[in-house]
Amino acid sequence: MKKLAILGASGHGKVVADTAECCGWSDIVFFDDAWPSRTTNGPWEVVGTGSELFERIGEFEGVVVAIGNNNIRQQKLIALIQRGAVVVTLIHPAAHVSRHASVAAGTVIFAGAVVNAGSSVGLGGILNTGCSVDHDCVLAEAVHISPGARLAGGVEVGDRAWVGIGACVKQLVVLGADVLVGAGAAVVADVVGGCIVVGVPARVL
């Protein structure tokens, strides 16, 4: 029986767990700092705090971090890897990832997502439901591409950047580290790191 530990018992965590089941993981438990006041996350058990996971890493064939905050997710993944955890990648069977794309450890790719040839996804990415990453895109660490968001070919996305639900990014655009693209925005020019952009066309707040 394959045992998977998920750090972060949230709504996002439920989708991660559901994806894990679809990938063949049969024994899934959560760790969250809300334990012991919180003992379940949907149909799955919450069995300990985040710090307890670090003490029990050897019990699990795989570990994944289901924390939406990009900065915290990146930090936790690095710490888990340093402690010897087997950080896994989860790709829903209903997603399409080209065999000519690369996906790093700790990334979760949900149903309906598409990653096309020549693209790469760094450590701990979230490619959410129905998003698309076209050819030759480069996503750095802990990036989140929200449901229904679209990246055209050759887009570069810096560490911890977040592309909001339904947003679109024009081909060859570069999004710097920690950029936040608002829901439904249309990004047609490069965005400097740390900026928030919204609207059509997207403008810096």
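**View 1. Pro201 sits in the loop that runs between strand E23 (196-198) and strand E24 (203-204).** Strands here are DSSP runs of E with at least two residues, and helices are DSSP runs of H or I with at least four; both are numbered from the N terminus. The bond that joins Val200 to Pro201 is a cis peptide bond, with omega about -10°. Most peptide bonds are trans. This is a predicted model, in which local features need pLDDT of at least 70, side-chain atom pairs count only at pLDDT 80 or more, and totals for chains, interfaces and linings use all residues. Residues are numbered from 1 along each chain as its sequence is written, and side-chain values use heavy atoms, with hydrogens and water left out.

**View 2. Trp35 and Pro36 are linked by a cis peptide bond.** Its omega is near 10°. Pro36 belongs to the loop between strand E2 (27-31) and strand E3 (40-41).

**View 3. Asp136 has a positive phi.** The angle is about 60°, although Asp136 is not a glycine. Most residues other than glycine have a negative phi. Look for Asp136 in the loop between strand E13 (132-133) and strand E14 (138-139).

**View 4. Glu55 and Arg83 form a salt bridge.** Their side chains meet at 3.6 Å, N to O. The rule asks for a side-chain nitrogen of Lys or Arg within 4 Å of a carboxyl oxygen of Asp or Glu. Glu55 is part of helix H2 (residues 50-55), while Arg83 is in the loop between H3 and strand E6 (90-91), so the pair ties together parts 28 residues apart in sequence. Side chains of opposite charge can pair when their charged atoms come close. The structure holds three salt bridges.

View 5. In contact (heavy atoms within 4.5 Å) are 19 residues of domain 1 and 22 residues of domain 2. Together the domains bury about 1600 Å², 67% of it on carbon and sulfur atoms. Buried area is the accessible area (1.4 Å probe) that two parts lose on being put together, summed over both.

**View 6. Helix H1 (11-22) and helix H3 (70-82) each supply at least two residues of the side of domain 1 that touches domain 2.** H3 gives the largest share, seven residues. This side of domain 1 has 13 nonpolar residues, five polar and one charged. Here Ala, Val, Leu, Ile, Met, Phe, Trp, Tyr, Cys and Pro count as nonpolar; Asp, Glu, Lys and Arg count as charged; the others, Gly among them, count as polar.

**View 7. The chain has three helices and 24 strands.** Its C-alpha trace spans about 45 × 35 × 30 Å along the principal axes.
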